Amino acid sequence: MGSVTVSAFDPSYSQHQESDLSSKQAWAKFKGKYKDGDKVDPATWKTRLRCALNKSSEFEEVPQRSQLDISEPFKVYKIVDDTTVK
């Protein structure tokens, strides 16, 4: 079973990992909310991705693996097995 980690993004934080930004940008492109050349808006992309994960029956948050009280907080979601989706 796989998992997805959604970390916080602070545009002023210079050590932010490119892969984290890329996954949020890819989601925005997939949903038609971003096209190459549009204004880069990582905070909005993060919000939309997090909302989609929370609403989806295919993902479930793993609170015991999430870390919200650190300088770079993140949540961990697991991919729900198709046989357990209601």
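**Close-up views of a predicted model**

View 1. Serine 66 is buried, at a relative accessible area of 13% (buried means under 20% relative accessible area, exposed over 50% and partly exposed in between, with a 1.4 Å probe and protein chains only). The model is predicted: local features need pLDDT of at least 70, side-chain atom pairs count only at pLDDT 80 or more, and totals for chains, interfaces and linings use all residues. Residues are numbered from 1 along each chain as its sequence is written, and side-chain values use heavy atoms, with hydrogens and water left out. Serine 66 sits in the loop between strand E2 (59-61) and strand E3 (74-79); helices (H or I, at least four residues) and strands (E, at least two) are DSSP runs numbered from the N terminus. Its side chain reaches the backbone nitrogen of valine 76 at 2.9 Å. Leaving aside residues up to four places away in sequence, serine 66 touches Glu61, Phe74, Lys75 and Val76 (contact: heavy atoms within 4.5 Å).

**View 2. The buried side of helix H2.** Helix H2 (residues 42-55) has 14 residues and spans 20 Å from its first C-alpha to its last, close to the 20 Å expected at 1.5 Å a residue (the expected span is 1.5 Å times one less than the number of residues). Pro42, Trp45, Lys46, Leu49 and Leu53 are buried in H2. They lie on the same side of H2 because they cover an arc of only 100° around the axis, taken from the directions from the helix axis to the C-beta atoms.

**View 3. Aromatic pairs.** The whole structure holds two aromatic pairs. Rings of Phe, Tyr and Trp (its six-membered ring) pair if their centres lie within 6.5 Å; planes under 30 degrees apart count as stacked, over 60 as edge-to-face and the rest as tilted. Tryptophan 27 and phenylalanine 30 form a tilted pair, 5.6 Å centre to centre with 35° between the planes. These two residues are three apart in helix H1 (residues 18-30), so about one helical turn separates tryptophan 27 from phenylalanine 30. Tryptophan 27 is partly exposed at 25% relative accessibility, and phenylalanine 30 is exposed at 64%. Tyrosine 34 and tryptophan 45 form an edge-to-face pair, 5.0 Å centre to centre with 70° between the planes. This pair links distant parts of the chain, with tyrosine 34 in the loop between H1 and H2 and tryptophan 45 in helix H2, eleven residues apart. Both tyrosine 34 and tryptophan 45 are buried.

Note on methods:
A polar contact is a pair of N or O atoms within 3.5 Å; within protein, one must be able to donate a hydrogen and the other to accept it, and residues adjacent in sequence count only if both atoms are side-chain atoms.
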